[in-house]
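Welcome! Here is a friendly briefing to read alongside the sequence and the 3D view.

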Amino acid sequence: MSETSNIAEYSVSELSGAIKRTMEDTFGFVRVRGELGRISRPASGHIYLDLKDAQSVLAGVIWRGNASRLKIQPEQGLEVIATGKITTFPGQSKYQMVIDSIEPAGVGALMALLEERRKKLAAEGLFAESAKRPLPYLPRVIGVVTSPTGAVIRDILHRISDRFPLHVLVWPVRVQGETSAREVANGIAGFNRLEPGGAIPRPDLIIVARGGGSLEDLWGFNEEVVVRAAAASGIPLVSAVGHETDWTLIDLAADLRAPTPTGAAEIAVPVRGELLASVDDLKRRQIAGLLRYVSARRTELRAAAAALPSPRDLLALPRQRLDTYGERLAPALRSSLRDRRSRQQAAAQRLSPHMLARSVSIARERLDGLSARATRAHANRLARERARLDSSAKLLDSLSYKNVLARGYALVRDDAGTPVRSAGQVAPGARLAIEFGDDTRLDALAVSDGAAAPTVRKPRKTRPKATATPKDQGSLF
């Protein structure tokens, strides 16, 4: 029998349970320092993370109840001190640390993380001075994002009531803890979503306020969600987080940073009494200035009036010209009347019956003379044209081919009526027409030996061509 046969046997679960009890008894309370690695936040609300150093990695878990009470939310790369116990997870033969709380490994780690985040958000332009808006001088409604139970809201309301009472809306939030950052961001966004003129008035100014505390206490106002909400606000925003020596990233994203919440209330509204006194002083200055202005203008008007000539002097020369023109008007009218009367009488004399009869007689004599001249000119022109026509007729008659035919010649034409000038133009058997001087015409057929069988036609009167010339008369024989 082997030496190991007497060793007790364990089931897997029994062995895993024994290991678990041993680990928890030995490491029931430990503090571990390390850098946060992988971080997972499932829908269950638990947080799973890794704690690591240069050589090793330790798995860790923060149950949902403890995760909601953390002052600092775990972020990758942050060096922390985790407090809890070591236990095992039998389902996977793993050991892990159940973390109850996390705190930064010194303020330096938080400051390094804060500086890194500041540079990242600044590179995105969230802190640009050009994006900051001026605050309204006298807002009608002020929205305050803060805890409704702390002393901060009482100080703000008291200060606003003393300086200038107006409508204040409070958006209640937690200003510390895991959910504080999300609640503050929702408060800023909620005020911006209010419609102007709605049932709940839209604020003209937002104050985000919290009392003083440690860096861990104020860490919620360094979260990206808060900074981005402040930078995206369409309503001017004042940051009043902590004391004058404290600073957070929301201070850089806000349009103005107040040293304290009470200081934010003083910045938000002026003192009503001082404002009334200032208005009264401006009123007095305005009235005094108006009186001085009227007095100065009256003095200038009097000086200008003294430098101007009197109305009598201004009207003296026009009045003299009027008198002169008035004296010259009556004689000019009488002279013009006499001239018009003389021209009318001369025109009347020219229009008398005797003068008209004389003009008509002279015009009639001129018309008779012109008529006689026209008749003579027409007769002379007609005689000249007739003589030219007779001369042209004689010339045409002397040039006519009829005279040639009368001397015993004959004119031969082909079947188309074209004069035949040579025998080569006539083909054997072609029809020919022969005209004689007595207007007798014969139809004949051309033969090869020159003989033709003539046919006698009765003489026909032909119209002589006026422009006929011997070269157009064809063959005469």
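This is a predicted model: local features need pLDDT of at least 70, side-chain atom pairs count only at pLDDT 80 or more; totals for chains, interfaces and linings use all residues.

**The barrel**
- In this model, 5 strands close into a barrel, in the order 1-2-3-5-4, and their pairing is mixed.
- From one strand to the next, the twist averages 55 degrees.
- Strands of a sheet pair through backbone hydrogen bonds, and they can do so in a parallel or an antiparallel way.
- Strand 3 (residues 57–62) and strand 5 (residues 94–104) pair in the parallel sense, over 2 bridges.
- If you look along strand 5, you will find Met-97, with Gly-60 standing opposite.
- Helix 1 (residues 12–26) lies across strand 4 (79–89) and strand 5, and runs at about 150 degrees to strand 4.

**A closer look at Gln-96**
- Gln-96 counts as buried because its relative accessible area is 16%, and the cut-off for buried is under 20%.
- Leaving aside neighbours within four places in sequence, Gln-96 is in contact with Ala-59, Val-61, Lys-85, Ile-86 and Thr-87.

**Two helices side by side**
- Two packed helices are described by the angle between their axes and the distance between those axes.
- Helix 5 (residues 180–193) and helix 6 (residues 224–232) pack at an angle of about 10 degrees, with their axes 8 Å apart.
- Helix 5 is therefore roughly parallel to helix 6, since angles under 35 degrees count that way.
- From helix 5, Ala-181, Arg-182, Val-184, Ala-185 and Ile-188 meet Val-225, Val-226, Ala-229 and Ala-230 of helix 6.
- The residues of this contact divide into 8 nonpolar, no polar and 1 charged.

Notes:
Residues are numbered from 1 along each chain as its sequence is written. Side-chain values use heavy atoms; hydrogens and water are left out. Two strands pair if DSSP finds at least two bridges between them. Helices (H or I, at least four residues) and strands (E, at least two) are DSSP runs, numbered from the N terminus. Axes are lines fitted to C-alpha atoms, for helices over the stretch in contact, and angles run from 0 to 180 degrees between N-to-C directions. Contact means heavy atoms within 4.5 Å. Buried means under 20% relative accessible area, exposed over 50%, partly exposed in between (1.4 Å probe, protein chains only). Angles under 35 degrees count as roughly parallel, over 145 as roughly antiparallel, 65 to 115 as roughly perpendicular and the rest as oblique. Ala, Val, Leu, Ile, Met, Phe, Trp, Tyr, Cys and Pro count as nonpolar, Asp, Glu, Lys and Arg as charged, and the others, Gly among them, as polar.
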